[in-house]
Amino acid sequence: MAHSAEAHAGHPTATTYVVVGVILAVITGAEVGLFLVKGINSAVMTFMLLGLSLLKFVLVMGWFMHLKADDNRFTLLFVAPAVVMISTIVVLLALFGSLTR
């Protein structure tokens, strides 16, 4: 079965995947570096790590899971639980004092 060029027109190239992979590696390195820095307020560090993790989530979801080119309902299927998860993490951290020390 031959695949037409039009069927793959909306998909990223291999170079795009490599670039996104390098960006993900840099963000991961920044997260590790941020965790190792002394003297940062725990609340600030928590929100910075959550923000970087959210950025990685969006990159993986958009390019590697191909949701960037799919129907918006599929994106909602992944974003809604992520919002619930992040909200739960923030509430639990605040509840147990990790954000207020």
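Student: Where is Leu93 found?
Tutor: This is a predicted model. In it, Leu93 sits in helix 3, which covers residues 72-95.

Student: How far apart are the C-alpha atoms of Leu93 and Thr46?
Tutor: They are separated by 9.0 Å. Along the chain, Leu93 and Thr46 are 47 residues apart.

Student: Back to helix 3. What span should its 24 residues have?
Tutor: At 1.5 Å a residue, helix 3 should span 34 Å. Its end C-alpha atoms are 34 Å apart, so the two agree.

Student: And which residue with a positive phi follows helix 3?
Tutor: Gly97. Its phi is near 85°.

Student: New topic: the surface. Which residues form the nonpolar patch?
Tutor: Val60, Phe64, Met65, Phe74, Leu77 and Phe78. Together they have about 520 Å² of accessible area.

Student: Which elements give two or more residues to the patch?
Tutor: Helix 2, residues 42-64, and helix 3.

Student: Which one gives the most?
Tutor: Helix 3, with three residues.

Student: Pick out Phe64. What is its place?
Tutor: Phe64 is in helix 2, and it is one of the patch residues.

Student: Why is Phe64 called partly exposed?
Tutor: Because its relative accessible area is 37%. That category lies between the 20% and 50% cut-offs.

Notes: Residues are numbered from 1 along each chain as its sequence is written. This is a predicted model: local features need pLDDT of at least 70, side-chain atom pairs count only at pLDDT 80 or more; totals for chains, interfaces and linings use all residues. Side-chain values use heavy atoms; hydrogens and water are left out. Helices (H or I, at least four residues) and strands (E, at least two) are DSSP runs, numbered from the N terminus. Patches are made of residues with over 30% relative accessible area and no salt bridge: like charges are joined within 9 Å, nonpolar side chains (Val, Leu, Ile, Met, Phe, Trp, Tyr) within 5 Å. Accessible areas come from the Shrake-Rupley method with a 1.4 Å probe; for residues, only the protein chains shown count as cover. A salt bridge is a side-chain nitrogen of Lys or Arg within 4 Å of a carboxyl oxygen of Asp or Glu. Buried means under 20% relative accessible area, exposed over 50%, partly exposed in between (1.4 Å probe, protein chains only). The expected span of a helix is 1.5 Å times one less than its number of residues.
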